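Thanks, everyone. Please bring the structure up on your screens, and we'll walk through it together.

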Amino acid sequence: MEVKIIPAPPTAPPISAQAISSELEVRIRKRFSNPQGSFNLNVHFRALAGFTIVFGASGAGKTTLLDCIAGLTDPDDGRVAVGGEDLYDSEKKQNVTAWKRRIGYVHQDLALFPHLTAEENVAYGLHTLSAAERQTRSREMLGLFRIGHLRDRRPAQISGGERQRVALARALVTEPRALLLDEPLAALDRPTKSSLVGDLRRWNQSHRVPILFVTHNGEEVFALGDEVIMLDGGRIVAQGQPHEVMRVPRLETIARLSGFENIFNATVVALHEDRGTMTCQLGKGGVELETPLVRADVGSRLRVGVRAGDLLLATESPRGLSARNVLPGTILRLEQRDVIISTTVDCSGTEFEVHLTLAARDSLQLEPGKSVWVVAKTHSCHLMGM
Amino acid sequence: MNWEAFWLTVRLAAIVSTLLIAIGIPIAYWLTYSRWRCKFLVEAAVALPIVLPPTVLGFYVLVALGSRSPLGRWWESLTGHTLAFTFEGLVIGSLLYSLPFAVQPFVTSFGAVDSSLLRASASLGHSPAQTFRRIVLPLSKAGLVTGFALSFAHTLGEFGVVLMVGGNIPGVTRTISIDIYDQVQTANYSSANETALVLLIISFVVLSTVYSLNRRPWVAGPWR
């Protein structure tokens, strides 16, 4: 279980020869403020053609990063280059103005022009072309994003998902050298999201440009990611494939973001090197969990994270299970969130959050006060540093 | 009803408010987007005619137009007569007098355009000037009409500046409000009443047009 944790590498990783033309190189330092205070954005990475997810909590510096790349904010120093061409270089005192950068940017609030129709919005960035060419290209793009029938409508007259499509089409039709997407799917329901992502991928196959996709939603990372850059407090805290970075988080901030509802302080009480596991005690004198073995000594303290969706509930003491952790407890409360039942179970002083379906709650007749057993596989227990 | 004075006034107001669109837009653009520290001084100067007594403004304009000032001398060498007590002089005085009534609605409407639209326009390859023409101006339509209408109505009713700069020359500088004053002076109340009523009705119609326009401005994000 090898995890790459790269704290802002001093030199960017090498790149393959054919990718040079469409790569985005970013090395930025920039002071920025958020409600929690003032931070230094300090990042260095290369993004190749395809999706790169920029993942982090709000206030991590994601939007500041995109603004610097787009030229809407000036970094304090550093370098931004796309396809080998410098857009910003503090040493060479070079700073290409935003409207000459040819970088597509779709902001969270979309910023469609309210006085223009969908087609006029899409054609807006094609002002250097002839009217006929403008129409051909924008209609083609409207077709690709399946909004051709809306072309004469104004933004106020179409739905949220359709507006998102118009905003994407408007950015893509200009054939940008890189695409920046700032939480473009945040407001959409799941089916709309996945169809939009499909369209975006299709476009990206024929236009091999880097797409920086900012999100604070862990699900989107798995759905999209070729590469994830994890941002926290203005720094890159991890970088790699989604499953490497997200499945085995070493940092608690990442764990919370990627959906670890249960995070406990734990102490190692026994090592079972022959079985590849160890026993950890949660909290002070609480329950014990069998977890995967890591290099640790008995008595050392660490954090254990378990996803609420990885836990099972049984109403009778289960037998003949491969799962090593079966903990008796009592249901404290049940809360419905969309189609998920979030159940809080008290296991001799330690509270677990377990996610169930509505059907599971009904068929097991779960209610507060009922005795249950919480079941967790050894490999659902993820260990993190303190 | 003195129709000569009426049409003179309407002509003056139309010329002044049209010129103010041309002059007011660059000033409002600068006031909206400039990051100069001392911008407030210019803002105060533009707003001065609102609080200044028209006689004070008129006095300074008269001095500036007279043959002792550089502007007055230049005009005199060009045309052979002074600007004071002419229709052109009246236009200049009225331009200054009504400037804030055009510029302030412009500034308000330019500033109300969502900055995310300006950012989007820049990332779509438009220069600030192109963005201004294609995004800010169309979205400020209501503000432009308001500024035009307010400066028109304001010029229609001006008195002090006209008297100071233009005097009271029939057919050249005698406007409606001066005509009303004259009629009252000669105890011609019914005629004064007639003219005053016309001015009242026109002003009311212009203002209701403005308010009906501003009832539903463009909705520029955040989307509801």
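This is a predicted model: local features need pLDDT of at least 70, side-chain atom pairs count only at pLDDT 80 or more; totals for chains, interfaces and linings use all residues.

Look at strand 17 of chain A, residues 325-337, and strand 18 of chain A, residues 340-347. They pair in the antiparallel sense, over seven bridges.

Now widen the view. In which order do the strands of this sheet in chain A run? The order is 16-20-17-18-19, five strands in an open sheet. The pairing is antiparallel. Which strands stand at the edges? Strand 16, residues 312-314, and strand 19, residues 350-357, both of chain A. Each has a single partner strand, so one side of each has no neighbour in the sheet.

Next, the whole of chain A. It is divided into domain 1, 17-254, and domain 2, 262-384. How far apart do the C-alpha centres of these two domains of chain A lie? The answer is 39 Å.

Last topic: where the chains touch. Chain A puts 20 residues into the contact, and chain B puts in 18 residues. On the chain B side, two elements give two or more residues: helix 6, 115-123, and helix 7, 128-139. Helix 6 of chain B gives the most, with six residues. What about the classes? The side of chain B that touches chain A has eleven nonpolar residues, six polar and one charged.

That's the tour. Over to you.

Notes. Residues are numbered from 1 along each chain as its sequence is written. Chains are lettered from A and ligands numbered from 1 in the order in which they are written. Domain bounds come from an automatic or database domain assignment. Two residues are in contact if their C-beta atoms, placed from the backbone, lie within 7 Å. Helices (H or I, at least four residues) and strands (E, at least two) are DSSP runs, numbered from the N terminus. Ala, Val, Leu, Ile, Met, Phe, Trp, Tyr, Cys and Pro count as nonpolar, Asp, Glu, Lys and Arg as charged, and the others, Gly among them, as polar. Two strands pair if DSSP finds at least two bridges between them.
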